[in-house]
Amino acid sequence: MTRALVIPLPGNDDLAGRILGRLGAELGQLETRNFPDGETYLRIVTETKGRDVVLVCTLDRPDPKLLPLIFAANTIRQLGAAQVGLVAPYLAYMRQDKRFHEGEAVTSTIFATLLSSAFDWLVTVDPHLHRYKSLDEIYSIPTRVVHSAPFLAEWIAANEPAPLLIGPDIESEQWVSEVAARANAPYRILRKQRHGDRDVEITIPDLHEFSGRMPVLVDDIISSGRTIIETARRLKTQGTPPPICIAVHALLSPDAHASLHEVFGAVVSTNTVAHESNRIDVCRSLAAAVAAALGHHQ
Ligand code: R5P
């Protein structure tokens with residue numbers, strides 16, 4: 001049987017290499033650049049006719065990535081590939097899951113429709129599921145979700161002997177409760193009110209019963225850092241030591257990252273988005289999910 005072909009979009013070589021090594025797949029190649037007018041040129045270099053093709057493209061800062069990705073998937077289909085799947089370790093546009101104000105675009109559904117039209121299946125890591133219970137509510141193609149919880153728990157067990165896990169808001173309970181169970185540690189979920197993109201209010205309960213434990217804040221996404229910084233500030237009022245911060249998806253700008261270091265003892269993330277805080281590799285489970293998706297689709 002011909003081996004699957006894994007093709008990274010620009011900036012995804014490290015993720016693709018880690019996945020294909022575990023899959024026993026072959027590395028494929030595409031070429032892309034911008035014409036002087038800003039439009040995209042794209043060419044699939046490796047022969048894809050009759051092959052099972054996996055495109056790897058994490059979707060942080062997604063807008064400039066989306067058109068090349070759609071062009072690549074469509075071209076691979078036109079060239080006669082047997083199947084084209086997408087590995088997007090970070091899946092963008094999951095947070096606008098509701099029309100909060102009249103006239104707003106519910107971008108999660110539009111983005112899902114676009115990707116579903118271009119790919120046969122999708123593999124991702126911990127998508128931001130809040131009002132949707134599952135990706136199936138908006139994606140019409142088969143999807144597989146990799147959970148980072150076992151990897152986060154492994155890191156915590158190896159690095160912090162007495163953790164207290166903290167989730168900043170109700171959505172985080174799905175991740176934090178699982179990590180806490182696996183790390184055999186207590187957890188608390190806080191309450192968050194968001195007043196604007198960079199304006200959040202966090203309410204914390206009395207945590208004195210956990211004195212002597214190191215707070216470990218876990219959130220799926222850290223972007224501006226306001227949620228997690230505000231949480232750390234509230235914790236400090238109860239005399240806790242500078243906490244540890246763990247993000248699944250580090251969408252942090254360099255400025256936001258620097259601000260985090262002012263309030264946290266350590267900042268750690270998984271490698272779904274390339275960032276200097278990456279310490280936790282989730283590719284073992286990503287490769288297993290890709291193998292299952294490929295097998296299922298044949
Ligand atoms: C939203 O509910 C997410 O789980 C994160 O808490 C949020 O996206 C973090 O964003 P920021 O770092 O900009 O506060």
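Where does Tyr 93 lie?

1. Let's start there: Tyr 93 is in the loop between strand E6 (83–88) and helix H3 (107–118). Helices (H or I, at least four residues) and strands (E, at least two) are DSSP runs, numbered from the N terminus. The phi of Tyr 93 is near 60°, a positive value in a residue other than glycine. Tyr 93 is partly exposed, because its relative accessible area is 29%. For that wording, buried means under 20% relative accessible area, exposed over 50%, and partly exposed in between (1.4 Å probe, protein chains only).

2. A word on what you are looking at: this is a predicted model, where local features need pLDDT of at least 70 and side-chain atom pairs count only at pLDDT 80 or more, while totals for chains, interfaces and linings use all residues. Residues are numbered from 1 along each chain as its sequence is written, and side-chain values use heavy atoms, with hydrogens and water left out.

3. Asn 184 also has a positive phi, of about 55°, although it is not a glycine. You'll find Asn 184 in the loop between helix H5 (173–183) and strand E10 (187–189). Asn 184 counts as exposed because its relative accessibility is 72%.

4. Now the ligand. It sits in the largest pocket. On a 1 Å grid over the protein atoms alone, a pocket is an open set of points with protein on both sides within 12 Å along at least five of seven lines, whereas a cavity is a set of points where a 1.4 Å probe fits but cannot get out; lining residues have an atom within 4 Å of a point. A molecule sits in one of these if more than half of its atoms lie within 2 Å of its grid points.

5. Who surrounds the ligand? There are 15 residues around it, and Glu 171, Asp 219, Asp 220, Ser 224 and Thr 227 come nearest. Here, a residue is near a molecule or strand if one of its heavy atoms lies within 4 Å of it. By class, the shell has two nonpolar, five polar and eight charged residues. In that count Ala, Val, Leu, Ile, Met, Phe, Trp, Tyr, Cys and Pro are nonpolar, Asp, Glu, Lys and Arg are charged, and the others, Gly among them, are polar.

6. Which elements supply at least two residues each of the shell around the ligand? They are strand E11 (191–196), strand E13 (214–222) and helix H6 (226–236). The largest share, four residues, comes from E13.

7. An N or O atom in the side chain of Arg 95 is 2.8 Å from an oxygen atom of the ligand. For Arg 194, an N or O atom of the side chain is 3.2 Å from a ligand oxygen. A polar side-chain atom of Asp 169 lies 3.5 Å from an oxygen atom of the ligand. The protein covers 94% of the 380 Å² of accessible area that the ligand has on its own. These areas come from the Shrake-Rupley method with a 1.4 Å probe; for residues, only the protein chains shown count as cover.

8. Back to strand E13, where both Pro 215 and Leu 217 are found. Pro 215 counts as buried because its relative accessibility is 2%, and Leu 217 is buried with a relative accessible area of 0%. The C-alpha atoms of Pro 215 and Pro 242, 27 residues apart along the chain, are separated by 8.0 Å. For Leu 217 and Pro 243, 26 residues apart along the chain, the C-alpha separation is 7.1 Å.

9. Ser 148 is in the loop between strand E8 (143–146) and helix H4 (149–159), and at 1% relative accessibility Ser 148 counts as buried. Its side chain makes a polar contact of 2.5 Å with the side chain of Asp 126. His 275, in the loop between strand E15 (266–270) and strand E16 (278–280), is also buried, at 16%. A polar contact of 2.7 Å joins the side chains of His 275 and Ser 277. The term means a pair of N or O atoms within 3.5 Å; within protein, one must be able to donate a hydrogen and the other to accept it, and residues adjacent in sequence count only if both atoms are side-chain atoms.
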